[in-house]
Amino acid sequence: MTASGAGRQFEAPPSTPLYVHLPFCAAKCHYCDFFSVPAEGQDVEGTLAAVELEIRLRAPRAPRTLFLGGGTPSLLSISQLRRLFDALQQSTGFRDSAVEVTVECNPESLDEDKARALLDLGVTRLSIGFQSLRGETLELFGRVHGVDQSFRAFDAARRAGIKSLNIDLIYANPGQTLEQWQADLRRVLALEPEHISAYNLTFEEDTLFRRWLQQGRLQPQSDDAELEFFWWTREHLASTARVAYEISNFALNGHQCAHNINYWNNGTYVGVGPSAVSKLGFERSGNIRHLGEYRRRMAQNEDPRDWDERPSAWARLGESWWLGLRRTEGLSALEAWTRAGLKDWRPEADPALEIAQRSSEQGWLGQVGERWALTRRGWPLADAVAREFLRLGQLNQPAPAELLG
Ligand code: SF4
């Protein structure tokens with residue numbers, strides 16, 4: 001994408017969900033492939049000023065949800081957070097419109113004063129990265145906090161009066177036994193969080209963990225062990241009324257993350273900050289993944305976006321299935337069709353149905369009424385099943401013009 005005047009930005013319709021990416025962390029975790037860097041030695045103030053400028057230029061009015069992620073937004077000082085939220089309020093009026101305002105936090109940078117300040121600024125939900133309840137695992141992960149600190153941060157958030165709290169955890173770690181995970185999850189549940197995100201450890205490209213795996217320094221869990229972790233987690237959390245509404249996300253009724261549900265529904269959203277992705281209409285775009293260049297572009301009134309794409313109608317249909325199947329409630333063919341921006345759905349025109357049928361014959365997908373969802377056999381293969389639908393993007397025959405919305 002060529003740089004052009006930042007003032008000539010796309011206009012997002014009012015109520016579009018807004019994501020703000022704050023890329024600074026206390027240290028880089030060894031498994032993490034997000035665009036995030038240790039804050040030390042970085043121009044945090046300059047980057048914040050650039051993000052605030054982008055908010056003024058591109059943030060939608062009256063966003064339905066607001067999510068501050070990263071990175072570790074809680075690393076910012078109270079005065080920095082205040083400035084950022086003031087800019088958000090002035091540009092968007094989110095305090096009158098957002099049904100949910102989430103901030104991602106890490107235990108080393110969340111105390112009661114900060115949690116109270118966040119509440120005063122309009123935050124309704126905190127997501128706290130515990131990741132593990134074992135000191136040696138936190139060390140292996142490269143985390144800078146201890147286990148006690150995680151519990152203290154959670155208590156601080158509760159005392160401050162935050163009503164919706166998520167705890168992030170990672171399971172199936174090298175050397176972890178199911179019994180250890182069971183004990184750890186039970187300890188976490190004793191805190192009574194409204195929401196738990198529990199992720200199976202993955203070894204992403206360009207991470208230290210991936211290198212250590214290739215060098216044989218880390219032993220991954222077997223597929224069978226991962227399955228045991230997965231099913232026990234799902235069933236145990238269901239028994240505590242924290243129902244899996246997505247592959248890795250569990251919530252008490254009324255505490256599902258509305259911002260993320262919009263992603264899985266293939267909805268539109270605006271992302272601001274370095275590397276942040278936006279999806280508006282049929283276009284997806286992403287900001288530059290370089291701090292200095294991001295600051296420079298914002299300072300010189302240039303476009304912060306580095307790429308954009310316009311997936312074909314069939315590609316959008318495949319993405320709608322791919323995302324929708326992550327949710328326990330699945331989706332109907334008509335929903336996928338509409339989310340892809342297509343009209344006049346009819347079964348004979350829908351190439352996704354053939355894939356759904358095939359997956360159903362394999363026992364991976366089931367149908368209840370109009371809705372398709374992963375079966376018990378399909379859940380562990382969710383990624384592979386969902387990827388089948390992404391192949392729709394490779395269809396040679398474009399969608400007929402009369403079906404395009
Ligand atoms: S704190 Fe979160 S964003 Fe930062 S490096 Fe660790 S996992 Fe990545």
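**Exercise 1. Describe the surroundings of the ligand: which residues form the shell, and how many of them are nonpolar, polar and charged?**

Solution. The residues that surround the ligand are Cys25, Lys28, Cys29, Cys32, Phe34, Ser36, Gly70, Gly71, Thr72, Asn106 and Gly129, where a residue is near a molecule if its C-beta atom, placed from the backbone, lies within 6 Å of it. The model is a predicted one, in which local features need pLDDT of at least 70 and side-chain atom pairs count only at pLDDT 80 or more, while totals for chains, interfaces and linings use all residues. Residues are numbered from 1 along each chain as its sequence is written.

Next, sort the shell by class, taking Ala, Val, Leu, Ile, Met, Phe, Trp, Tyr, Cys and Pro as nonpolar, Asp, Glu, Lys and Arg as charged, and the others, Gly among them, as polar. The shell then has four nonpolar, six polar and one charged residues.

Finally, look at the backbone of two shell members: Gly70 and Gly71 are joined by a cis peptide bond with an omega of about 20°, and Gly71 lies in the loop between β4 (65-70) and α2 (78-92). Helices (H or I, at least four residues) and strands (E, at least two) are DSSP runs, numbered from the N terminus.

**Exercise 2. Examine strand β6 (residues 125-131): how many of its residues are buried, and which strand is joined to β6 by four bridges?**

Solution. A residue is buried if 20 or more other C-beta atoms lie within 10 Å of its own, exposed if 12 or fewer, and partly exposed in between, with C-beta atoms placed from the backbone. By this count seven of the seven residues of β6 are buried. In a regular strand the side chains alternate between the two faces of the sheet. Accordingly, Arg125, Ser127, Gly129 and Gln131 point one way from β6, whereas Leu126, Ile128 and Phe130 point the other way.

The strand joined to β6 by four bridges is β5 (residues 100-105), and the two run parallel; here Cys105 stands opposite Ile128.

**Exercise 3. Work out why the buried residues of helix α14 line one face of the helix, and what covers them.**

Solution. Begin with the buried residues of α14 (residues 352-361), which are Ala352, Ala356 and Ser359. Seen down the axis of α14, these buried residues fall within an arc of 65°, the arc being that of the directions from the helix axis to the C-beta atoms, so they line one face of the helix. On the other side of α14, Glu354 and Glu361 are exposed.

The cover over the buried residues includes α12 (313-324), α13 (333-339), β16 (365-368), β17 (371-374) and α15 (382-390). Ala352 is also touched by Leu392, and so are Trp314, Ala315, Leu317, Gly318 and Pro351, not counting residues up to four places away in sequence; contact requires C-beta atoms, placed from the backbone, within 7 Å. Leu392 itself is found in the segment after α15 and is buried, with 25 other C-beta atoms within 10 Å.

Technical notes:
Two residues are in contact if their C-beta atoms, placed from the backbone, lie within 7 Å. Two strands pair if DSSP finds at least two bridges between them.
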